[in-house]
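Please find below a report on one protein model. The sequence and coordinates come before the text.

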Amino acid sequence: MQPLPFLPRRLAAFVFASLAFGAVDASAAQVSRLTPPSELFASGEESPVIARFLPGQLFDMQATVQPDAGSTITNFAFFYDNSPISAANSGGAARTSVVTETDASCVGEDGRTTGASGCKLVAGLPGNTAVLSLRAASRSTPGVHTFKVVAQQTNGPLITATGNFEIVGVDRNGALAKNIIIFLGDGMGAAHRTAGRIMAKGYAQGKAKGRLAMDTFPYGGMVMTASLNSIVTDSAPGMQNYVTGNKANNNQEGVFPDDTLDAFDNPRVEYLSEYLHNLQGKALGVVTTADVFDATPAANAVHTSARGNGTGIVDQFLDDRDLTGLTVLMGGGRKWFLPNPSDSVSPQPPNGSQRRKANDYVLPDDVIAGWGAAPGALDPERDLIGDFEQAGFAYAPDRTALDAAFAGRVPGKLLGLFAYSNMNVAYDKINGRRGDATVVDAFGFPDQPMLDEMTDKALKVLAKNPNGFVAMIEGASIDKQAHLMDSDRWVLEVMEFDRAISVAKAFAEDHPDTLVIVTADHECSGAALIGASNLTASALEGAPDSGKDSVGTYDAAKFPKYTIADDGYPETTLIDHKLVIGYGANADRYETWVSSAFPTKDTQQPFPPSESPADANVRNEGVGYFVSGQVAGDQAVHTATDIPLSAMGRGSTLFHGVFDNTDVFFKLGQAAVGGVD
Ligand SMILES: [Zn+2]
């Protein structure tokens with residue numbers, strides 16, 4: 001019998017007795033959560049519905065253990081296929097932790113945790129509950145493996161629970177995809193893609209007169225998008241499920257759920273970026289039209305259970321660049337990078353900063369030891385742009401500076417922050433370039449790049465890495481404008497996104513060892529292309545209350561004909577017999593079928609322009625006709641519908657049929673590590 005390096009002899013004896021003589025009756029005590037999640041633990045079913053990892057991919061193990069009344073947990077160990085996980089194969093005591101409520105004020109009169117601010121555990125657990133962690137485990141043998149936690153308590157029997165997970169093998173038999181480019185059209189369902197094609201290309205004789213770039217990709221399928229805790233995902237797990245191979249709860253990025261209140265201590269799972277940076281030295285590029293702290297960009301590099309913790313999220317982008325290979329970061333979100341020594345945003349600091357201690361991060365010791373992660377600090381006064389520049393990143397605050405950064409050379413690393421929060425949408429950026437800068441001026445950022453321009457620059461920087469790269473490029477406001485039911489604005493977002501895809505398609509044609517996929521995290525709004533207006537542009541504009549009377553269906557819809565200007569966008573979206581779009585997952589709204597001059601107010605902007613209508617569901621009140629919604633609030637919501645995925649380049653043949661969003665991770669892993677014939 002091998003000695004256990006970090007188990008006291010007494011526990012070791014108990015553990016081997018329990019293994020030899022079967023399960024011990026743990027009386028009232030129980031393990032209430034076991035991570036990684038599995039149906040074996042949740043329901044006893046040995047079904048294959050379990051966490052999955054690539055060989056060597058890091059993940060944390062964790063158990064929430066409720067001892068018998070009056071007892072506390074004194075020691076624990078995790079086992080893998082009945083072998084204790086030792087210091088040699090998965091880190092020693094420095095990689096383990098026990099989190100309990102040590103402060104009596106965190107336990108109520110009923111003996112349950114209160115979950116109050118400053119406490120450690122969520123509300124409602126027995127006061128003696130312990131959360132036991134073992135950080136940064138990994139396995140390399142393909143197949144389904146069981147794992148087990150064994151916890152010792154002061155009085156009473158050992159407490160144990162068993163789960164399982166799978167290591168998905170990689171066949172090493174083909175040419176490798178050196179570069180992986182993931183286009184994530186946030187909220188982009190089939191209807192959004194079709195609307196973009198109708199507007200950009202037009203139809204004649206019942207056929208599309210042209211294809212979107214994403215339509216030309218030779219392979220693809222349909223993706224199931226559920227998160228760990230809902231059929232309807234938000235953008236955090238919607239993205240991270242693609243690049244970790246595992247399901248997270250809504251709001252969570254690069255982690256599994258837990259029972260502690262700390263948003264940065266959850267059990268981690270290694271990202272594609274981290275895995276391929278460690279294994280192959282790949283670089284990471286993250287490009288978005290959103291605020292860079294937003295769920296989709298963060299869910300490629302940042303580990304947190306709270307997608308809203310902006311200060312910690314942007315700090316971690318830089319602090320853990322040696323883990324992720326972060327080389328390009330572009331989008332909006334400057335408000336998180338500017339120093340805020342006052343740690344207050346009321347009143348809003350004049351520099352636009354929204355850095356706060358309250359949403360910053362500090363990691364526990366076992367995460368730092370296990371993952372080699374930076375410790376973090378509560379530092380709202382941090383000049384994060386300065387720190388990026390110190391780390392060798394060229395910084396571009398606008399399109400002119402972005403172009404200048406490439407004059408005569410290609411920078412080695414690139415940071416672009418083109419707005420305080422989310423960038424302006426294509427509809428308003430294009431109007432600005434055409435001479436009507438009313439909206440972009442009102443937001444204070446008249447000189448913002450388009451997504452295709454950002455993509456071109458990002459790929460130039462990333463292509464300098466001889467080991468290849470992972471790039472995630474997001475069309476973020478397809479979703480944001482669909483939430484707001486601003487139809488013309490989100491259709492132009494699809495067009496902007498597709499122009500960026502054209503740039504990557506050309507890159508992949510020049511670099512055949514590149515895999516490009518185009519997908520979405522989920523559908524947003526239940527968008528439906530109902531038909532087209534049966535009114536001319538001027539008649540429609542003159543009849544904002546026309547409502548149902550102006551909606552042409554079937555034969556009456558015919559084919560809306562938009563005229564595309566030299567800049568690639570419609571000369572106007574207010575054409576005769578324009579496309580009419582409805583929403584199946586909408587809040588109440590007032591509809592005129594005509595775009596508003598100003599976008600609906602974006603509450604994430606530190607200085608939102610006063611001209612913006614505050615809420616989507618009052619936007620046209622008084623001029624539009626009332627459409628009763630199915631959901632509360634003022635926005636349309638995400639839906640559970642499968643979404644289309646398109647693929648081209650090296651490894652694209654792996655993408656066909658109907659698959660889960662987590663399956664995409666293993667296809668990407670196969671293409672990058674094992675290769676494809
Ligand atoms: Zn959304």
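## Basis

This is a predicted model, in which local features need pLDDT of at least 70 and side-chain atom pairs count only at pLDDT 80 or more, while totals for chains, interfaces and linings use all residues. Residues are numbered from 1 along each chain as its sequence is written, and side-chain values use heavy atoms, with hydrogens and water left out.

## Overall fold

The secondary structure of the protein comprises 19 helices and 30 strands. Helices (H or I, at least four residues) and strands (E, at least two) are DSSP runs, numbered from the N terminus.

The C-alpha trace spans about 85 × 60 × 50 Å along its principal axes. The radius of gyration is 26 Å, in agreement with the value near 26 Å for a compact globule of 677 residues; it is taken over C-alpha atoms, and the globule rule is 2.2 Å times the number of residues to the power 0.38.

Of the 677 residues, 60% count as buried, where buried means under 20% relative accessible area, exposed over 50%, and partly exposed in between (1.4 Å probe, protein chains only). Among contacts (heavy atoms within 4.5 Å) between residues at least 6 apart in sequence, 74% join residues at least 24 apart.

## Nonpolar cores

A nonpolar core is a set of buried Ala, Val, Leu, Ile, Met, Phe, Trp, Tyr and Cys residues joined through side-chain atoms within 4.5 Å. The largest has 128 residues, and Ile181, Phe183, Phe337 and Phe388 have the most contacts inside it. Helix α17 gives the most to this core, with 11 residues. A second, separate core has 27 residues, including Ile85, Phe147, Ala151 and Ala161.

Leaving out residues up to four places away in sequence, Phe183 touches Phe497, Ala500, Ile501 and Ala504, among others. Its partners also include Thr455, Ile473 and Val518.

## Helix α17

Helix α17 covers residues 487-510, 24 residues in total, and reaches 35 Å from its first C-alpha to its last. This is close to the 34 Å expected at 1.5 Å a residue, the expected span being 1.5 Å times one less than the number of residues. The helix is mostly covered, with 17 of its 24 residues buried.

## Ala369

Ala369 lies in helix α10 (residues 365-371). Is Ala369 buried or partly exposed? Ala369 counts as partly exposed because its relative accessibility is 35%.

Apart from neighbours within four places in sequence, Ala369 is in contact with Ala94 and Arg95. Ala369 and Gln152 are 217 residues apart in sequence and 24 Å apart in space, C-alpha to C-alpha.
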